[in-house]
Amino acid sequence: MTTGSEVATVAFPGPASALVTLPVAADRHGIARVLTLERLVRDSMVDVRATIPAFNRLLVEGSPATWEPDEVEKTLRAAAAACLRGKPPVPAEGDSVVLPVCYDRELGPDLESWAAGAGLSVEEAVGLHCGRTYTVLATGFAPGFAYLGDVDERIAAPRRPSPRRRVAAGSVGIADRRTGVYPADSPGGWQLIGRVPSALFADAAERTARFTPGARVAFRQIGPKEFAAACR
Amino acid sequence: MPVKPHGVVDNPGPLCTVQDLGRQRGRRAGLTPGGAMDQRACLWANRMLGNDPAAPVLEITLGGFALRFLAETVFALAGADCAAKLDGRETGSWRAIRARPGQLLRLGYSSSGMRAYLALPGGLEAPRAFGSASAVLRDELPGWLGNALRPGEELRWRDPDRRTRLRQVPASLVPPVAKLVALPLITAFEWLDFSAVDRERVFQAEWTLDAASDRIASRLAGPALTSGPRELDSVPFVDGTVQVTGDGTTLVFMRDRPTIGGYPKLGSVDPLALDALAQARPGARIRFTRADPERVRRALVQRESFFGIRRTESGAGAGSSRS
């Protein structure tokens, strides 16, 4: 719940754009509020060219010709206040994408140290990772990379002190209370605990359409045989 | 039945891609906006032919490009001057030119400026994704949003038979290639979290454009600004966002930028100033100046109305086509 003293901040990072930061945690409840704000903004403002939700923020871009900063600020403050009232909206229970993950130390080099760091067996840690449905809190870094939250706090883990130069496509990582799947080979600093068959990530268009803020994602454990079969 | 090609790439040069004004759709899902690096030159090239301002053009990086025409047509060149020749005769730039079938258009290497734009009547035929034909060559998008042009590639354009007058851009409106690029900066994001000393430095320092700059970002060599905060959640970017990475390097994000980022940011530069930055050569001198956001906004309105740009979420488009 929020208290009356916590109000949203509205800033203007560009000539016809506004960045709203809600005084809420950057978790699944936070993004639910931000998505409510996004709907209110789209219903109340003219000439909105883009809205980009990420964690506890919403970027609103308008048309330079009709952008009036004072008016925009008033509208956004009212919308932010409205979306902060009441209980947090329940994250949408829509269809979730279920991604098969092979939790294996060959495919997820940090698997064992991650579980040990949590004081759990690998089996217990994996059970907690695939035991809940996550919400996309933000999309970015690379097209189709979704920051998923919130990881059970028992298995939250810090970023690696230095990033790896190359993380294989499909790698499943954990950083703090977030988890995500690297859509393509890239450098990366998250702890790697398993891998999704990369064929599932080959279709960039589908990936882009699927993993948008608010979307629901779950993981299902598969064995090395099933992983190998899916990669063929 | 496939239409006979109107031209064939004889030599793409170091890098030649199809570009338009970029894509809005998909940005919410993390897709880069992309689009012509020097939008002003791209807009002028299309305008000379009476094209839709968002018609796809060729972006020719550094020159070294050659195209064989297979149909009688007009074409327009703008941007970096690459001493273009049609069958050996100099064509000039910032103007429309007529070509006959069999003629070879050859661009030399640009002596100043980085990117030339070649527009064709009606715009190039090119596959569109998320409302735009702009090619994005970032590693994580192999081939999905287009590729660099290859030798022998066949090109078609929408309206090869259109006969327009051979217009040219008045010399007074041709932007000079600046040796010193001024970047008006709208301070925002984590600006106030940098030390007063660093904030002062931003406007006092003279920066130089690093050779490692590309379509994603212009890297500026200059003072290392290390006083910014660490460990931020990623924040949505606007066009021209200026970010300082962990080692203090300052980046001005260009067209193939990410949509969000977690390093501290100084603000954003006037989006219209990105055109000049896109033409600056490595080693060019750069200064940040203080921007008045309201003036920047008015200049954007003027740009959009002058060129008839109507951006919507389904892509950049135009009112009516002129011819």
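The radius of gyration here is taken over C-alpha atoms, and the globule rule I hold it against is 2.2 Å times the number of residues to the power 0.38.

**Entry 1: ground rules**

I am working from a predicted model, where local features need pLDDT of at least 70, side-chain atom pairs count only at pLDDT 80 or more, and totals for chains, interfaces and linings use all residues. Residues are numbered from 1 along each chain as its sequence is written, while chains are lettered from A and ligands numbered from 1 in the order in which they are written.

**Entry 2: chain B overall**

I began with chain B and its radius of gyration. For 323 residues a compact globule would come near 20 Å, and chain B has 20 Å, which agrees. Along the principal axes, its C-alpha atoms fill a box of roughly 60 × 35 × 35 Å.

I then looked up the secondary structure, where helices (H or I, at least four residues) and strands (E, at least two) are DSSP runs numbered from the N terminus. Chain B has 4 helices and 22 strands.

For burial I used C-beta atoms placed from the backbone: a residue is buried if 20 or more others lie within 10 Å of its own, exposed if 12 or fewer, and partly exposed in between. By that count, 54% of the 323 residues of chain B are buried.

Two residues are in contact if their C-beta atoms, placed from the backbone, lie within 7 Å. Among contacts in chain B between residues at least 6 apart in sequence, 79% join residues at least 24 apart.

**Entry 3: chain A overall**

Next I ran the same look-ups on chain A. With 232 residues, a compact globule would have a radius of gyration near 17 Å; chain A has 19 Å, which agrees. I noted 6 helices and 13 strands in chain A, with 46% of its 232 residues buried. Of the contacts in chain A with a separation of 6 or more, 65% are between residues 24 or more positions apart.

**Entry 4: where the chains meet**

I counted 37 residues from chain A and 34 residues from chain B in the contact. On the chain B side, β15 (235-236), β19 (265-269) and α4 (293-307) each supply at least two residues. The largest share of that side, 6 residues, comes from α4(B).

I sorted the chain B side by residue type and got 17 nonpolar, 7 polar and 10 charged. Here Ala, Val, Leu, Ile, Met, Phe, Trp, Tyr, Cys and Pro count as nonpolar, Asp, Glu, Lys and Arg as charged, and the others, Gly among them, as polar.

**Entry 5: helix α4 of chain B**

Which residues of α4(B) are buried? I found P293(B), V296(B), R297(B) and L300(B). Seen down the axis of α4(B), they fall within an arc of 100 degrees (taken from the directions from the helix axis to the C-beta atoms), so they line one face of the helix. On the other side, E294(B), R295(B), S305(B) and F306(B) are exposed.

I also asked what the buried residues of α4(B) pack against. The partners are β1 (9-14) of chain A and β12 (180-187) of chain B. Just after α4(B), G308(B) takes a positive phi of about 70 degrees.

**Entry 6: strand β16 of chain B**

I moved on to strand β16 (residues 241-244), which is covered on both faces: T241(B) and Q243(B) on one side, and V242(B) and V244(B) on the other, are all buried.

For pairing I need DSSP to find at least two bridges between two strands. β16(B) runs antiparallel to β19(B), with 3 bridges joining them, and T241(B) has S268(B) as its bridge partner. β16(B) also pairs with β17 (residues 250-253) in the antiparallel sense over 3 bridges, where V244(B) stands opposite T250(B). The hairpin of β16(B) and β17(B) has 5 residues between the strands, and G248(B) in the turn has a positive phi of about 90 degrees.

**Entry 7: two glycines**

Is G149(A) buried or exposed? G149(A) counts as buried because it has 23 C-beta neighbours inside 10 Å. This glycine lies in strand β7 (residues 146-149) of chain A. Beyond its neighbours within four places in sequence, its contacts include D27(A), Y134(A) and R177(A).

G102(B) sits in the loop between β8 (95-99) and β9 (104-106) of chain B. With 11 C-beta neighbours inside 10 Å, G102(B) counts as exposed.
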